[in-house]
Amino acid sequence: MHALTDSATMLRRNLRHALRYPSMTFGVAATPIIMLLLFYYVFGGAIGGGLTGAPAGGDYLAYLVPGILLLTVGSATMPVAVAIRTDLTEGIVARFRTMAIARASVLTGHVVGNVIQTVISVVLVLGVALLMGFRTSAGFADWLLVAAVLLLLSLGLSWLSAALGQISKTPEGASNVVLPMTFLLPFLSSAFVPVDSMPAGIRWFAGYQPFTAVIETLRGLLAGSPVGWYGWAAVGWGAGIAVFGYAWSKALFNREPAR
């Protein structure tokens with residue numbers, strides 16, 4: 001109960017920071033929305049025509065949205081790395097270490113607060129997609145599973161970003177160290193084009209990296225179709241990243257700072 005109370009206090013602290021600077025939350029959603037508009041309205045005719053045989057893009061929007069949702073979750077992990085590095089740099093964490101609070105609560109507040117902001121960003125992106133004409137055959141249970149997969153991935157990536165923020169030297173470095181996870185991996189997946197259309201080496205990597213499994217799971221759930229082994233792979237990757245990120249982040253935070 002002591003740890004839960006401390007974590008709730010740290011969560012309120014981070015949510016107040018988010019309310020004070022709402023541009024961070026909306027900025028996180030801006031990039032995926034721009035990518036959604038760009039790939040559908042600018043590239044959709046060429047890519048979608050090759051994908052579905054429709055000259056105007058056809059079902060490319062339905063193909064594109066799951067990847068954009070994952071991109072939203074990935075890009076939303078940058079603020080938690082920057083926030084933790086900022087707290088460490090400015091010395092507030094050193095003060096927390098002298099107080100009778102659970103050490104893990106500092107990280108938990110950042111991570112849970114980031115997951116809440118990610119949910120807001122996902123809702124904004126999904127709203128834009130619906131305004132663009134995105135429609136789905138998913139039922140209520142499918143939507144619950146979509147939410148569960150996105151939440152699990154957000155939790156895992158947030159804990160991993162918390163660790164990456166701690167090993168960075170500056171807040172600027174923290175923002176850069178998460179870039180491969182937030183932008184490179186989504187492009188080397190099935191987010192924008194089918195994996196089968198890629199060259200052999202890249203196709204092998206894209207087919208087995210975690211983001212592809214998550215995207216294909218979301219795509220199947222939103223289409224109301226079976227997801228096959230991708231569903232188990234997505235859950236396994238999400239849970240594995242969460243456990244690894246939590247353990248690594250907590251170990252780094254519990255380590256005494258260099259004197």
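Arg 219 is buried, and Glu 216 is buried too; buried means under 20% relative accessible area, exposed over 50%, and partly exposed in between, with a 1.4 Å probe and protein chains only. This is a predicted model, in which local features need pLDDT of at least 70 and side-chain atom pairs count only at pLDDT 80 or more, while totals for chains, interfaces and linings use all residues. Residues are numbered from 1 along each chain as its sequence is written, and side-chain values use heavy atoms, with hydrogens and water left out.

**Salt bridge**

Arg 219 and Glu 216 form a salt bridge, with 2.7 Å between the closest N and O atoms. The term stands for a side-chain nitrogen of Lys or Arg within 4 Å of a carboxyl oxygen of Asp or Glu. By this rule the count is one salt bridge. Arg 219 and Glu 216 are separated by about one helical turn, because they lie three residues apart in helix H12 (residues 210-223). Helices are DSSP runs of H or I with at least four residues, numbered from the N terminus.

**Helix H7 and the nonpolar patch**

Phe 26, Val 112, Ile 116, Ile 120 and Leu 124 make a nonpolar surface patch of about 390 Å². Such a patch takes residues with over 30% relative accessible area and no salt bridge, and joins nonpolar side chains (Val, Leu, Ile, Met, Phe, Trp, Tyr) within 5 Å. Helix H7 (residues 103-131) gives the most to the patch, with four residues.

| Residue | Relative accessible area | Class |
|---|---|---|
| Ile 116 | 33% | partly exposed |
| His 110 | 6% | buried |

His 110 is 113 residues from Ala 223 in sequence, and their C-alpha atoms are 34 Å apart in space.

**Cavity**

One cavity of 30 Å³ or more is found in a search of the whole structure. A cavity is a set of points, on a 1 Å grid over the protein atoms alone, where a 1.4 Å probe fits but cannot get out; lining residues have an atom within 4 Å of a point. The largest cavity holds about 40 Å³ of space. Its lining consists of Val 149, Leu 152, Leu 153, Val 214, Ala 234, Val 235 and Gly 238. Helix H8 (140-167) and helix H13 (229-254) are the elements that give two or more residues to this lining. By class, the lining has six nonpolar residues, one polar and no charged ones; Gly counts as polar, while Ala, Val and Leu are among those that count as nonpolar.

How values were computed: Patches are made of residues with over 30% relative accessible area and no salt bridge: like charges are joined within 9 Å, nonpolar side chains (Val, Leu, Ile, Met, Phe, Trp, Tyr) within 5 Å. Accessible areas come from the Shrake-Rupley method with a 1.4 Å probe; for residues, only the protein chains shown count as cover. On a 1 Å grid over the protein atoms alone, a cavity is a set of points where a 1.4 Å probe fits but cannot get out, and a pocket is an open set with protein on both sides within 12 Å along at least five of seven lines; lining residues have an atom within 4 Å of a point. Grid points are joined across faces, edges and corners, and a volume is the space filled by probe spheres set on the points.
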